[in-house]
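Please keep the sequence and the picture open while you follow along.

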Amino acid sequence: MKRIVNKLNFISKKKKDSKKIELSKREDQEKLSENSDGERETWTGKFDFFLSALGYAVGLGAVWRFPYLCYRNGGGVFLIPYFIFMALVGIPLVFLELGVGQFISTGPLTCWKMIPIFRGIGLSMNIVNSYANLYYNMIIAYSLYYLVLSFRSELPWQKCNPTWSSPNCVDDYSPGNFRFIDCEDLNNTLKCDNGRCFNLTTLNGSLANCSLNETNLNFLGWWNPTFPSQDYWNNVILKKSSGIDEPGKIVWQLIVALIVSWIISWCMVIRGIAISGKLVYFTALFPYVILLILGIRGWILPGASIGVEFYIKPDISRLGDISVWSDAASQIFFTLSVAYGGLTSLASYNKFDTNIMRDAIIVSLSNCLTSVFAGFVIFSYMGYLSHVTGQSIDQVVQAGQGLAFIVYPYAVTTIPPAPLWSILFFIMMIVLGLDTMMTSVETTITSLLDVFPILRKKKLYKYLAITGICIVHFVASINFTLQSGTYWIEFVDYYAGNWAVFLIGALESISIAWFYGLENFKKDLSLMIGEKITESKLFYVWYVCWFLICPLYLIVLTVLTFINTTPLESGSYAYPFWAHVLGQCMTASTLSGTLFWALWLIVDNCFIKKKSFMVLIRPDFDNWKPRKVKNQILMKLAHDLPFDEDLKQKVLANPIFYGNTKF
């Protein structure tokens with residue numbers, strides 16, 4: 001930055017007339033690199049941050065949610081709005097969050113200091129992140145349970161078993177044994193609850209009914225068959241109750257699996273980023289290996305091309321459907337983990353000059369391309385399953401838990417050696433989940449340690465704090481191990497983020513672009529990634545996105561999502577109205593941090609301290625600053641801010657500012 005260099009040259013001329021400072025270069029380096037509130041870890045490896053961010057962003061949503069959304073919203077056409085929103089909303093917000101975290105080197109709870117009234121954004125991030133922590137580890141627990149069950153010569157959900165299977169259960173879909181029929185001709189067919197369809201007249205010519213012995217009925221086919229894996233999931237794994245208002249008992253196998261998953265999470269975060277930063281070299285890359293292996297196997301299965309065709313076949317007419325654009329934006333938002341605090345937390349451990357613009361683009365692109373690639377893999381198995389069962393794709397395809405624990409587990413039972421493919425799939429699920437979970441827990445840890453820096457002073461204090469965080473989250477998630485647990489998982493998944501997360505994302509852009517000022521933020525970014533990048537004409541694309549596209553679109557999306565949010569349904573089960581009210585309260589609670597912090601500041605400053613309201617919406621350079629003194633000096637010079645004699649003497653005394661800057 002030429003202006004800063006000129007200032008430094010001007011100051012250096014005054015140096016001759018100043019009192020000579022008797023400090024060695026080594027002493028100056030130590031003082032200038034001191035942290036403002038104690039030691040803070042930084043990434044030690046060249047790719048630690050990048051792989052951590054990649055692993056955090058590429059989670060279970062890329063495997064079990066994106067392919068289904070793509071299929072549901074016009075196949076390949078869905079990729080058009082998907083990549084548009086990735087470019088105009090996803091990447092800019094990822095870049096913004098990384099920039100904030102790296103500049104101030106603190107986690108989400110304490111980093112939003114540039115405008116006082118918006119400091120509560122960090123608290124809202126932590127609230128929504130905590131909700132995600134509760135149920136995400138339960139998904140890992142399910143996968144651990146299935147992984148253990150997969151180490152058998154025959155998978156337990158391979159065949160229908162009268163001890164747990166329903167009358168609808170079908171395990172032999174060979175053409176000679178199975179025939180699918182819609183059974184919609186009410187004048188000639190009889191549709192029974194056990195999934196079978198019969199002729200309306202019996203073999204004796206009398207009127208048929210479902211209570212008669214089936215030997216007297218003319219069987220036409222199945223209208224509602226279930227896979228053995230579905231009955232095994234509902235009746236053995238979950239011991240599922242009839243609804244969310246019937247909690248039932250704790251399923252001991254599930255609580256054991258949940259304990260194990262939290263112990264694993266604890267082990268991954270207890271030693272901080274020094275260890276977790278190395279684990280990501282495995283956890284971030286290994287899922288790609290498994291996904292590729294599963295893909296190669298799936299693409300050579302009979303019927304795989306049918307599934308892939310359904311996945312990418314474009315339906316151009318769907319581009320006029322607002323829900324397609326809404327789903328695309330929602331998926332980009334959630335799959336990149338924007339507004340959850342994890343990206344800010346990871347960036348806070350960066351070196352000050354890390355090129356976060358490059359990382360934001362690469363991580364976002366990698367995440368989205370992984371989602372697209374996963375769709376080709378998953379739908380090859382859906383096509384195979386359609387081929388095997390004789391049902392159409394839309395009758396076998398599912399999303400979320402249905403894909404992970406019902407459809408895919410049954411598909412592998414027909415592919416020898418079935419246990420091997422099951423083991424590989426659930427290892428991938430576990431690793432994908434742990435990678436995201438590790439950063440999510442680390443976000444809470446970082447926030448707590450930033451608020452109470454004394455906890456960093458001694459390892460014992462830090463270990464006790466981390467252990468306490470894990471225990472609290474475990475206790476809060478015990479509800480998911482009840483027989484009604486799966487209803488609560490879908491409930492939290494549906495309501496925890498929802499429209500409020502979009503609004504948090506909008507407030508992020510608004511606080512930076514409308515109040516702090518894009519020119520101010522540009523100066524901050526210049527200190528980190530260099531003027532060569534920020535002075536480029538292309539850099540003004542970020543201005544447009546942060547100032548206009550992100551806030552306006554996310555506000556519109558917030559309103560539309562709020563208006564169109566309907567009571568949750570899971571298959572044929574409709575959640576009671578009280579659950580919808582509770583869910584909307586849960587969604588709104590994520591905004592409580594932002595709202596209550598703003599109200600408290602208004603009362604404290606305007607009514608108690610009698611200060612002007614304008615103080616709350618102006619840049620607060622006293623608190624918004626880098627951690628290291630040398631970077632604080634550069635910031636003050638960049639923003640033409642006054643700095644005290646102490647800092648000036650450090651500038652005069654240390655040569656680091658003359659030959660070693662990026663500018």
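Q: Which side chain meets that of Lys462 in a salt bridge?

A: A salt bridge is counted when a side-chain nitrogen of Lys or Arg lies within 4 Å of a carboxyl oxygen of Asp or Glu. Here the partner of Lys462 is Glu41, with 3.3 Å from N to O. The pair links distant parts of the chain, 421 residues apart, since Lys462 belongs to helix α20 while Glu41 sits in the loop between α2 (25–32) and α3 (48–57). Before going on, please note that this is a predicted model, in which local features need pLDDT of at least 70 and side-chain atom pairs count only at pLDDT 80 or more, while totals for chains, interfaces and linings use all residues. Residues are numbered from 1 along each chain as its sequence is written, and side-chain values use heavy atoms, with hydrogens and water left out.

Q: How many salt bridges does a search of the whole structure find?

A: The search finds 10 salt bridges. Among them is the one between Arg119 and Asp620, whose closest N and O atoms are 2.7 Å apart. This pair also links distant parts of the chain, with Arg119 in the loop between α7 (108–111) and α8, and Asp620 in the loop between α26 (592–608) and α27 (629–638), 501 residues apart.

Q: Is Asp620 buried or exposed?

A: A residue is called buried under 20% relative accessible area, exposed over 50%, and partly exposed in between, using a 1.4 Å probe and protein chains only. Asp620 counts as buried because its relative accessibility is 14%, whereas Arg119, at 21%, counts as partly exposed.

Q: Which residues of helix α9 are buried?

A: Helices are DSSP runs of H or I with at least four residues, numbered from the N terminus. In helix α9 (residues 228–237) the buried residues are Pro228, Ser229, Asp231, Tyr232, Trp233, Asn234, Val236 and Ile237. Because 8 of its 10 residues are buried, α9 is largely enclosed by the rest of the structure. Contact means heavy atoms within 4.5 Å, and the buried residues of α9 pack against α8 (120–149), α10 (252–269), α18 (401–413) and α21 (485–495).

Q: At what angle do the axes of α6 and α16 cross?

A: Axes are lines fitted to C-alpha atoms, for helices over the stretch in contact, and angles run from 0 to 180 degrees between N-to-C directions. The axes of helix α6 (residues 79–104) and helix α16 (residues 356–389) cross at roughly 140° and come within 9 Å. Ser364 is buried, with a relative accessible area of 0%, and, leaving out residues up to four places away in sequence, Ser364 touches Met86, Ile91, Val94 and Leu336.

Q: Which residues make the nonpolar surface patch?

A: Patches are made of residues with over 30% relative accessible area and no salt bridge, where like charges are joined within 9 Å and nonpolar side chains (Val, Leu, Ile, Met, Phe, Trp, Tyr) within 5 Å. Here Val451, Phe452, Ile454, Leu460, Tyr461 and Leu464 make a nonpolar patch of about 590 Å². Helix α20 (residues 459–476) gives the most to this patch, with 3 residues. Phe452 is placed in the loop between α19 (418–451) and α20, and counts as partly exposed because its relative accessibility is 44%.

Definitions and conventions: Accessible areas come from the Shrake-Rupley method with a 1.4 Å probe; for residues, only the protein chains shown count as cover. Helices (H or I, at least four residues) and strands (E, at least two) are DSSP runs, numbered from the N terminus.
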